[in-house]
Structures are given as structure tokens and as C-alpha cells.
Amino acid sequence: MMAFLRQVLVIMAKDLRAELRTKEAINASLSFALVVLLLFSFAFDPSEETTREISGGLLWIVFAFAGTLILNRSFARELNNDCLDALISAPIPGSALFLGKALANYVLVLAVELIALPLFGVFYNVRWTSQFWQLMMVVALGTWGMTVTGTIFSALTVNIRLREVMLPILNFPILIPALLGAMQLTSALVAGKPITADNEAWLKMLIGFDIMYTAVSLVLVETVLVGG
Amino acid sequence: MRDKILYVLGAAALILLARDMVLITGFPPEINQGAIFKIIFFHVPMAITALTCAMVAFVASILFLITKKFQYDALAVAVTEVGLAFLAGNLITGSIWGRVAWGMWWAWDARLTSALVCWLLYAGYLMLRNAIEEPTQRATFAAVFSIFAFIDVPIVIFSIKWWRTQHPQPVFWGGGSFPPDWKAVFGWQMLAIMLVGVVLTAVRLRQEQFQREIDSLRRMAHAL
């Protein structure tokens, strides 16, 4: 068990180090998040009232689009010099490789989100911090769901034609329940309403989604990496 | 032999469909909705057939991952394509009904939305298949995605149900009532549409088999 955790951490540290040295994915993702935030301001009248109402949808669309850019690079980065083959043949289980990569992606996507969130508050003049910790919990849960399916689909699409296009086509429909729940909760929380018995079901769904897809991904990742 | 069975099944499906069509047009219009209500005889069986196809695809995908036998992969892709067609038929008939009953083609109601999401999920499956050349890799990756998609179906349905509901309550399991002679025709219609599904799947399976034979012949020719 300890060995497994260490393997996960090594993979995670390797990915984060590689990303922080080049900053290619995170820079692209951040500037893309900015562009989408800007574009939304043309789509509707950004008064405080309307913005609060649709804040959940707006934020999660930004998060999902920007996250995709990071997830796309996760396995594609390993194609040069056949690094992917080396990783697969390394004496670690596929699930350790997967979890390490998923955690690295998680940190990167969360970082982009935590920068985009205050920017959203500034641009749209919304005070979003009144339910700060509950909002952070929703962001953490929704992002994990997005990252776990995104990472496994990143492995699935790494070797195929149209890689960049296929990832969102596969990932977004699967993510719809998670995104829907996260959007509902985020809108309420940004409006200053804490999670109550009314919308608790969304939180439970989000947690269930995360647990289920983490489990299924861990079971199937070996099959995906070896590829038959 | 297999061809003959296929022809017989296909003919049976066509005769049943024709017979049901005559009976259905003979029924009086429904009291609240008028003639448009009768679209239910196509709408609901198509939905059930599509759901059955998704289940078969799920089981076939698991069996492929366990056994690595290509006939399961062929079955998975055949039923997925057929199921997608039926789901499209379900969405289109529902849309026509909505135009008459609600006055709009589309409403973001729970069932409509979840049907559309499921359609997108399985369309993604076919696109993934198209993007992969190598047969073993294609079959494996497609099977993995099919499992992911099938697990998502109940979550999609429940989450969107919490989100909103506008679809009329199901006629059969909640609320509404159906006169007995309509019920009998509905049963036959269900059978007829299922049969169409089976025949289409069988035809698609054969195609898949031929494709594999052609591929192996081509490889042999290259090896010479």
C-alpha cells in the first residue's frame, strides 16, 4: 500500500514538474479561460442580478473548456521519445500511473479554476465569497469528476486520429450529470444561499458520480493502457 | 439457413407492422389529444427497443473485454448503431407529438433532455470507433467507452429528472389508462418494432463479419 502511494506520488510529481517547467498547458488553459469569460460578457447584459443567476453555468462552462486543454496534454505529452511506452512498461501498476496523472491534472485544473474564479468576481462585479468554503467543496468535487473521466479518456484518445477533438466529444456527455449538479449548487452558493435539504441531493449525486467513476476507471485503466 | 431465418423474421416484422397500422388507424381519436396521441404506438416501443440495445451493448462490451472474442465486439457495434437509430426515431416522434400537444418542437424537459444526452453518448461511441484503425485497439477502447456510457445512463436520467419534468406521466406505469384492445395492439406493436431491431442488428452483424473476412483476406494478400 505504501509502495503504491509512493508510485502515485512519483508520477504526480513528475507530471507537475514537467508542466511547471514548460507551463505550456497551464498557460494555454488560463488564457482560454480568460477569453471565454470575456466572450460571455457579450452574450448577456452583465448586471449583478443576471450574472448571479447564471453564474453556475457560466463558471462551469469556463472550467470544463479550460480543463479540457490541460487534460488533452496529460497523455499526449508522453508521446515524444516513446515516453508512454516506457511508462507503461515501468514496474508500476496501471492504476498507480493513472492516479498519479489524474492527481497532477487535478492540481493544475484546480489552479486554473482558482485564478478564474476571482477574475469572474472582478469582471462581473459579483461578490461570490459569502459561502466560500461550501463553494470550494463543490468546485473540488466537480473538478475531480471532470479530471477522473478526462484522464482516462485522455489515455483512450492519445493514439488516435483527431485526438484534440475526441476528448471533449467523449468527456462532456459523460460529465453532464456532474456538471449539471455543480452548476446548480454553484449558482445557489454564489447567490449567497448555503446548501440546504433542498439541493443536498445534488451534492450526494456529485459525490456518487466521483466515487463511481474513480472506481470504474481504476478497474479499466490497465485494459486501456495495454490497449489489447 | 441463417439468411432464410432473417428473411422470415423480416417478413414477419413487416406483416405485423402493417397489421398494427391498419388497427391503429381504425381506433377512435383519444379524448383529450385527438389523433396525435396514437404516435405513442411508435414512440414508446422505439424507446424500449433503444434501451434494450444499450443493455445488450453493455453486456457485449464486458464479454469482449473478458473473452477478447471479436463476435462480441461486432454485436456491440451492431446493437449500438441500431439502438441509436431507434432513439433518433423516438426523439423525432416525440418532437412531432410535442409540436401538436405543447405547441413547440422541443422543450428542455427531463425525458427529452436525457434521451438527447444518451443519444450524444452513443454517437460519441461510434465516433471513437471511426477514429481508431487497429481492430483490437478499436474493439477494446470502444468496449471501455461503452461501459462508461452505460453507467452514465441512470445518473443522467435521475439528475435531469431532479432538474425539471414536463413530460406527461407514463401511460402504463403511472396515472393514465389504456383500453384493453389498445393494450393488445400495443403489445403486438412492441413485438413488431423489437423484431425490426433484431433483423437490423442481424444484418449489421453479418456486414461486420464480412468486413473482418475481407480484412483478413487483404492481410493474406499483402503477406504473399
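1. Chain A is helical: it has eight helices and zero strands. Along the sequence, its pattern reads α-α-α-α-α-α-α-α. The radius of gyration of chain A is 18 Å, close to the 17 Å that the globule rule gives for 228 residues, so chain A is as compact as a globular protein of that length. Keep in mind that this is a predicted model.

2. Next, the dimensions of chain A. Its C-alpha atoms fill a box of roughly 55 × 35 × 30 Å along the principal axes. Of its 228 residues, 47% count as buried. Take the contacts in chain A between residues at least 6 apart in sequence: 86% of them join residues at least 24 apart.

3. Chain B also needs a description. Its secondary structure comes to six helices and zero strands. From the N terminus on, the elements run α-α-α-α-α-α. The C-alpha atoms of chain B fill a box of roughly 70 × 45 × 25 Å, again along the principal axes. Of the 224 residues of chain B, 34% count as buried. Among its contacts with a separation of 6 or more, 77% come from residues 24 or more positions apart.

4. Which residues have the most contacts inside the largest nonpolar core? They are A:L179, A:V224, B:A76 and B:F145. This core has 124 residues. Helix α7 of chain A, residues 163-190, gives the largest share of the core, with 16 residues.

5. A:V224 deserves a look of its own. Leave aside its neighbours within four places in sequence. A:V224 is then in contact with A:I152, A:A155 and A:L156 in chain A, and with B:F141 and B:V144 in chain B.

6. Now the interface. On it, 23 residues of chain A are in contact with 26 residues of chain B. By class, the side of chain A that touches chain B has 18 nonpolar, four polar and one charged residues.

7. Where is the kink in α5(B)? It lies at B:V153, shortly before the proline B:P154, and comes to about 30°.

8. Two residues call for a check of the backbone. Most residues other than glycine have a negative phi. Phi of A:K23 is near 55°, a positive value in a residue other than glycine. A:K23 is found in the loop between α1 (2-22) and α2 (24-43) of chain A. Is A:K23 buried or exposed? It is exposed, because 10 other C-beta atoms lie within 10 Å, and a residue with 12 or fewer counts as exposed.

9. The second case is A:L162. Its phi is also near 55°, a positive value in a residue other than glycine. A:L162 has its place in the loop between α6 (132-157) and α7 of chain A. With 13 C-beta neighbours inside 10 Å, A:L162 counts as partly exposed.

Notes
Residues numbered from 1 in each chain as written. Chains lettered and ligands numbered in written order. Predicted model: local features only at pLDDT ≥ 70, side-chain atom pairs only at ≥ 80, totals over all residues. Helix = DSSP H or I, 4+ residues; strand = E, 2+ residues; numbered from the N terminus. Rg over C-alpha atoms; globule rule 2.2 N^0.38 Å. Buried ≥ 20, exposed ≤ 12 C-beta atoms within 10 Å, placed from the backbone. Contact = placed C-beta atoms within 7 Å. Core = buried A, V, L, I, M, F, W, Y, C linked by C-beta atoms within 7 Å. Nonpolar A, V, L, I, M, F, W, Y, C, P; charged D, E, K, R; others polar. Bend = angle between axes of the 7 residues up to and from the residue.
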